[in-house]
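Here is a short briefing to read beside the structure. Keep the view open and find each residue as it comes up.

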Amino acid sequence: MERPLTEHIRPGQAPPDFAGYARLGGYEAARKALLEMSPAEVIEAIKASNLRGRGGAGFATGLKWSLVPQGENAPRPRYLVCNADEMEPGTFKDRYLMEGNPHQLIEGMIIAAHAIGAETAYIFLRAEYTVSERALRKAIAEAGEQGFLGKNLLGTGRSLEIHLHSSAGRYICGEETALLNALEGKRAVPRAKPPFPPQVGLWGKPTIVQNVETLCNVPPIIARGAQWFQGLSHSKDGGTKLYGVSGRVNRPGLWELPMGTTMREIIEEHARGMRDGYRFRGVIPGGASTDFLVEEHLDLKLDFDSVAQAGSRLGTGTMVVLDDRTCPVGMVHNLELFFARESCGWCTPCRDGLPWVEKILRAIEDGNGVEDDIGILRQHARLLGPGKTFCAFAPGAVEPLQSALKYFAGDFDRHIKEKRCPWK
Amino acid sequence: MLNDSEQREIEEELSRYPDKQAVCVDALKIVQRHRGWVSDEALKDVAALLGMSPHEVDGVATFYNLIYRRPVGRHVIHVCDSVSCWVMGCGGICEHLKARLGVGMGGTTTDGRFTLLPIVCLGVCDVAPAMMVGETTHGGLTPERVDEILEQYP
């Protein structure tokens, strides 16, 4: 099986330097794009590959790039931003790519910048990823020395500078318009949409924001073609996916597998099933902001559409497993505590609603819950849902809550009736 | 007053952005790297350099988790309390840290050696529970392992 994202990554070893990556065929795709392909041809190739954004939302990458205004009078400059602010709880995939093969990300950015006509790009990296930061700084310097960054790239007359911005930490920075405010040196509150960043982004200019894993897919698509990329997948979304599992499984970890691999295969074969003495009860499939799935969903294909049809989201594709010896109410409380703490405070439903949810869950967990609490929680799941708040933060926050109320209703009731947490 | 190297590092950052204010977060981080935290006085100096009001800069400084507006210990411990670490028992790790250091979350040991803070998912969920001390992340924590790690930070 081909693994275009991770084939050159050797865990525990230093990542390939420029020469090492070039020996493995690296930068051939950037050379091809810069010397042989027009921006429109690059965008067409990405569209044909059906690459969907790996940051969680799954927006079609080629389509996004085509939204940047074209033509003589189109606004300039335009910017490319790599979203490397991996802060979704349970997610550890972009770190692996940046630490393991930073040149592939840089190459993807060079091709993406060519496609959208950007001469300045930023990598927005979370501060805690210090190993990634060192690897990326080295890769940027090496690519510059070899003529792939800077002025007059490979003699084409085009320029590209990549700047690395290490953030100061806040989950909301991962929301693309909040990220733009953060890059502008402001409080990272989201912006009203529309206008969308491809038209009005960083400093009011057209801006494309892409996740690390998305950009790492770009060089292999350009090098080996859209059809090859489609063929890697078990679903209609192209390519492979970095799937992860954490929780009480035998082998927590990360695997690059065909997009659309089933949850059962990932948990039972790759993560080698549950640890002795623990049974599977459920999973949040793609980070903290996704709905729980349970045993009946184990044969679900993990691609964007299949997971959506089951009532959840693929999100980041990194699963957190709930076992039978862990309290589901406690787990949801932990998730909502995180969301209440990280809410940026810009809009009232999120700022006031999430702490209320967190307090009720804590009361239930501590044995102080009352029957009406369930109704209040359900009401919040509705009132903080899509369309009711300024950005997607609160709707994401209530996804695990609403699904826990559905799948673990009996556990909530037991807490309230017995006035204690049965797991303590 | 910002010292020469702080000033120089901030000016270097200015070349990366088309707008002065964009350097705000970087400037605060530079000051913090030199002094350990961002005092009111340093904040006013950053504001003056970037043509912002001190209140604007404070609004930015207090928004981000990793800008310290109060003095911290020589080593800051960020212990992850997000969901994967919670499932794997970070509650016990937090309790152990508090007991061993004799401080609560947000506290600094009396000898000024450690400050203890909670942090959002550190992105090493495959080796949960985890914590970051200074700039280094440590996974696979047990109370014994925590004790060994702390010994490495005098």
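Start with Met109(A). Leaving out residues up to four places away in sequence, Met109(A) touches Leu80(A), Cys82(A), Ala121(A), Ile162(A) and Leu215(A). Bear in mind that this is a predicted model.

**The nonpolar core**

- The largest nonpolar core has 174 residues.
- Met109(A) is among the residues with the most contacts inside that core, along with Val81(A) and Ala121(A).
- Helix H6(A) gives this core its largest share, nine residues.
- As a general point, nonpolar side chains tend to be buried together in soluble globular proteins.

**Two helices that pack**

- Helix H6 of chain A covers residues 102-116, and helix H9 of chain A covers residues 212-224.
- At what angle do H6(A) and H9(A) pack? The angle is about 75 degrees, and the axes are 7 Å apart.
- Angles of 65 to 115 degrees count as roughly perpendicular, so H6(A) is roughly perpendicular to H9(A).
- On the H6(A) side, the contact is made by Gln104(A), Leu105(A), Glu107(A), Gly108(A), Met109(A), Ile111(A) and Ala112(A).
- On the H9(A) side, the contact is made by Val212(A), Leu215(A), Cys216(A), Val218(A), Pro219(A) and Ile222(A).
- Sorted by class, this helix contact has 10 nonpolar, two polar and one charged residues.

**A covered strand and its partners**

- Now move to strand E7 of chain A, residues 280-284.
- Is E7(A) mostly covered or mostly open? E7(A) is mostly covered, with five of its five residues buried.
- E7(A) pairs with strand E9(A), residues 318-323, in the antiparallel sense over four bridges.
- E7(A) also pairs with strand E8(A), residues 293-294, again in the antiparallel sense, over two bridges.
- Look at Gly282(A): this residue stands opposite Leu322(A) in E9(A) and opposite Val294(A) in E8(A).

**Where chain B meets chain A**

- How many residues does each chain give to the contact? Chain B gives 32 residues and chain A gives 39 residues.
- On the chain B side, the elements that give two or more residues are helix H2 (24-35), helix H4 (54-61) and helix H5 (83-87).
- H5(B) supplies the largest share of that side, four residues.
- The chain B side divides into 20 nonpolar, seven polar and five charged residues.

Methods:
Residues numbered from 1 in each chain as written. Chains lettered and ligands numbered in written order. Predicted model: local features only at pLDDT ≥ 70, side-chain atom pairs only at ≥ 80, totals over all residues. Buried ≥ 20, exposed ≤ 12 C-beta atoms within 10 Å, placed from the backbone. Pairing = 2+ DSSP bridges. Contact = placed C-beta atoms within 7 Å. Nonpolar A, V, L, I, M, F, W, Y, C, P; charged D, E, K, R; others polar. Axes fitted to C-alpha atoms, helices over the stretch in contact; angles between N-to-C directions. Parallel < 35°, antiparallel > 145°, perpendicular 65-115°, else oblique. Core = buried A, V, L, I, M, F, W, Y, C linked by C-beta atoms within 7 Å.
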